[in-house]
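User: I would like to learn how to read a few features of a structure. Could you take me through them one at a time?

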Amino acid sequence: MIVAAQDTTARPEAVNETPWALEGLPTFPTVATRLLQLLSARDVQLAEVGRLVAAEPVFATRVLQMANSPLFSLQGQVKTISHAIVLLGLDRVTAIAMTRATADFVAPAMRIEALRRCWRNSLAGAILSEKLARACRMDSDVAYLAGLLRDLGRLALLVKYPEPYANLLAVSQENVFDLLATERDLFDIDHCEAGAWLMSKMSFPAEFCDVVAHHHEAPAGDAFRLVHLIRIADRLADAVGFAAITLPGERGVEEVLSDLPAPSLLRISHDTEELRTEIADRIEAWR
Ligand SMILES: [Fe+2]
């Protein structure tokens with residue numbers, strides 16, 4: 001099972017009233033929502049996941065295209081979703097399906113370069129979360145999905161308000177404004193609050209809600225949790241060149257990595273160029 005829904009974190013309170021900025025939002029793909037809900041249940045059956053993805057033929061075809069891409073060294077061998085699950089494993093197919101579904105969700109906004117940078121930032125954060133989780137001996141598949149979805153609120157805002165959000169990015173960069181504060185000024189809600197609200201409505205695992213709501217907050221307490229790892233991955237994505245906006249005084253790779261637990265530091269590259277090239281290659285494979 002890919003998602004260990006640990007109830008160590010409180011699920012954000014479900015707010016009944018829809019924040020005005022999120023009214024009429026295009027819905028997050030049903031297949032992605034159901035996939036996460038299914039995987040958070042115990043004893044998930046492979047066949048159930050296969051049926052869920054295969055039930056939407058156009059989507060399933062695009063998942064198979066990814067499974068057959070050079071990323072997985074199985075070019076042309078994967079014929080069906082159930083075949084993909086056998087060859088690649090349930091976790092990998094889930095990661096592909098979730099990435100494909102999220103890419104479809106943001107696709108209408110991708111005509112604007114500034115918003116494409118946000119999407120690349122989400123992908124870079126997901127890939128780095130996976131790498132950091134391996135170095136920290138944490139579940140890398142859960143980390144990938146949490147990294148991918150950490151900025152769900154931002155993706156939702158930019159899908160609903162592409163031009164205003166692109167302007168917000170430009171103004172924030174030009175004036176060195178804090179992005180979260182600027183979001184609150186414009187939308188009365190920042191992307192962490194927006195993401196937490198959306199997650200509460202979709203009944204996602206509590207651990208993911210924690211990440212979405214708190215990935216920009218300094219860690220409290222000694223325990224190193226998933227949300228802390230995702231916060232480092234988020235900053236690392238910026239440090240290796242995949243920032244949504246570039247502000248002066250951003251931390252470099254070495255400084256960002258210093259927040260990791262000491263033993264894991266030896267298990268990850270500190271080379272900015274090496275990390276940038278690897279992430280760029282993997283992002284390119286999603287096109
Ligand atoms: Fe964020």
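**Reading the pocket, the metal site and a helix**

Analyst: The model is predicted. Helix H13 gives the most to the lining of the largest pocket, with four residues.

User: What is the volume of the largest pocket, and which residues are the closest to its centre?

Analyst: Rolling a probe the size of a water molecule over the atoms shows where empty space is left. Here the largest pocket has a volume of about 530 Å³. It is lined by 21 residues, and the closest to its centre are His216, Asp234, Asp238, Leu247 and Glu250. By class, the lining has nine charged, eight nonpolar and four polar residues.

User: Which protein donors does the iron ion have, and what are the angles among them?

Analyst: Ideal angles at a metal are 109.5 degrees for four tetrahedral donors. In this model the iron ion has Asp151 (OD), His191 (NE2), His215 (NE2) and His216 (NE2) as protein donors, lying 2.1 Å from it. The angles among the four donor atoms are 86 to 176°, and the site is irregular. Asp151, in the loop between H7 and H8, and His191, in helix H11, are 40 residues apart, so the pair links distant parts of the chain.

User: Is Asp151 buried or exposed?

Analyst: Buried means under 20% relative accessible area. Asp151 has 1% relative accessibility and so counts as buried; His191, at 2%, is buried too.

User: Why is helix H8 described as largely enclosed?

Analyst: Eight of the nine residues of H8 (residues 152–160) are buried, so the rest of the structure largely encloses this helix. What covers those buried residues includes helices H5, H6, H7, H9, H10 and H11.

Definitions and conventions:
Residues are numbered from 1 along each chain as its sequence is written. This is a predicted model: local features need pLDDT of at least 70, side-chain atom pairs count only at pLDDT 80 or more; totals for chains, interfaces and linings use all residues. Side-chain values use heavy atoms; hydrogens and water are left out. Buried means under 20% relative accessible area, exposed over 50%, partly exposed in between (1.4 Å probe, protein chains only). Helices (H or I, at least four residues) and strands (E, at least two) are DSSP runs, numbered from the N terminus. Contact means heavy atoms within 4.5 Å. Donors are N, O and S atoms within 2.8 Å of the metal (3.2 Å for Na, K and Ca); water is not among the atoms, so sites may look incomplete. Four donors count as tetrahedral if all angles lie between 85 and 135 degrees; four count as square planar and six as octahedral if opposite donors are over 155 degrees apart and all others between 65 and 115; anything else is irregular. On a 1 Å grid over the protein atoms alone, a cavity is a set of points where a 1.4 Å probe fits but cannot get out, and a pocket is an open set with protein on both sides within 12 Å along at least five of seven lines; lining residues have an atom within 4 Å of a point. Grid points are joined across faces, edges and corners, and a volume is the space filled by probe spheres set on the points. Ala, Val, Leu, Ile, Met, Phe, Trp, Tyr, Cys and Pro count as nonpolar, Asp, Glu, Lys and Arg as charged, and the others, Gly among them, as polar.
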